[in-house]
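Thank you for making time this morning. I would like to walk you through one structure, and I will go from the whole chain to a few single residues.

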Amino acid sequence: MSIPINLVRGRGVGSGRPRQDSLCLRGADSKPVKEEPLSQARLFPRSLEEGLGFEYAMFHNQVENRTVCILQGGPYLQGIPGFLHGGAIATMIDSTVGMCAVLTGGAVMTANLNINFRRPIPLCSVVVINSQLDKIEGRKLFVSCNVQSLDEKTLYSEATSLFVKLDPKKTSP
Ligand SMILES: CCCCCCCCCCCCCCCC(=O)SCCNC(=O)CCNC(=O)[C@H](O)C(C)(C)COP(=O)(O)OP(=O)(O)OC[C@H]1O[C@@H](n2cnc3c(N)ncnc32)[C@H](O)[C@@H]1OP(=O)(O)O
């Protein structure tokens with residue numbers, strides 16, 4: 001049986017660098033105080049020049065609540081020489097489990113993210129991030145993932161996460 005897989009986001013459409021045109025500033029009490037244009041805002045993983053940073057495409061399976069990300073981390077993402085920076089890996093894990101949570105639950109934010117780094121990821125290698133929704137409890141969505149080599153022989157990282165659906169009754173965020 002074929003499984004519907006929908007392309008969520010990938011380079012090659014428009015500039016490939018989505019813009020966020022306004023920013024809602026908040027005071028110390030987290031209440032919105034001002035709406036200002038911020039033309040330089042970019043989705044973080046799309047903020048580096050093509051080929052140098054986060055090169056990825058995501059696919060979402062609406063039936064199984066799974067999101068898969070194919071990632072190649074470019075030379076600007078180096079940590080230990082020759083390998084991806086852990087923060088870059090965390091960024092793409094957060095983005096992938098986040099996409100899974102957003103497409104399942106709507107407006108959510110990461111409340112908790114736990115990552116086990118098992119093996120270093122060689123710079124410029126292609127890896128697969130497999131994420132899946134594990135359960136929903138009220139406003140809480142639990143999503144887990146692993147990061148593997150394309151041939152699935154190497155497990156690079158594993159992560160669990162908690163996303164919380166934004167409560168429209170609360171002013172923040
Ligand atoms: C084609 C379609 C395109 C779609 C287009 C997509 C756009 C592209 C998206 C890409 C994906 C980006 C993925 C990046 C996503 C970020 O990186 S988000 C940025 C990082 N996260 C943050 O900054 C969040 C900061 N934290 C907060 O704002 C608030 O703490 C939260 C998370 C909104 C929760 O606040 P709240 O609504 O007041 O929640 P609260 O009532 O306190 O708690 C609700 C429940 O959650 C539990 N909880 C809350 N926090 C925690 C915690 N840290 N640990 C454990 N339990 C917790 C509570 O115990 C409570 O449990 P129950 O009592 O219900 O059992």
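**The chain as a whole**

Of the 173 residues in the chain, 32% count as buried, where buried stands for a relative accessible area under 20%, exposed for over 50%, and partly exposed for what lies in between, with a 1.4 Å probe and protein chains only. Please keep in mind that this is a predicted model, in which local features need a pLDDT of at least 70 and side-chain atom pairs count only at pLDDT 80 or more, while totals for chains, interfaces and linings use all residues. Residues are numbered from 1 along each chain as its sequence is written, and side-chain values use heavy atoms, with hydrogens and water left out.

The chain has one helix and nine strands, and from the N terminus on their order is β-β-β-β-β-α-β-β-β-β; these are DSSP runs numbered from the N terminus, helices being H or I with at least four residues and strands E with at least two. If we take the contacts in the chain with a separation of 6 or more, 60% of them join residues 24 or more positions apart, a contact being heavy atoms within 4.5 Å. The accessible surface of the chain is about 10,100 Å², and 54% of this belongs to carbon and sulfur atoms, as computed by the Shrake-Rupley method with a 1.4 Å probe, where for residues only the protein chains shown count as cover.

From the record, an unreviewed UniProt entry, comes the annotation "domain: Thioesterase" for residues 82–154; its positions are given in the numbering used here, feature names are shortened, and annotations may be inferred rather than shown by experiment. That span is 27% helix and 44% strand, and its end C-alpha atoms lie 17 Å apart.

**Around the ligand**

Which residues are closest to the ligand? They are D94, A111, R139, K140 and K170, out of 14 residues that surround the ligand, each with a heavy atom within 4 Å of it. Taken alone the ligand exposes 1,300 Å², and the protein buries 50% of that. The elements that give two or more residues to this shell are α1 (86–105), β6 (108–117) and β9 (155–165), with α1 giving the most, namely five residues.

S144 lies in strand β8, residues 140–149, and S144 counts as buried because its relative accessible area is 16%. Leaving aside residues up to four places away in sequence, S144 touches V97, N130, S131, Q132, D134, A159 and T160. With D134 there is also a polar contact between the two side chains, at 2.8 Å, a polar contact being a pair of N or O atoms within 3.5 Å; within protein, one must be able to donate a hydrogen and the other to accept it, and residues adjacent in sequence count only if both atoms are side-chain atoms.

How many disulfides does a search of the whole structure find? The search finds zero, a disulfide being a pair of cysteine sulfur atoms within 2.5 Å.
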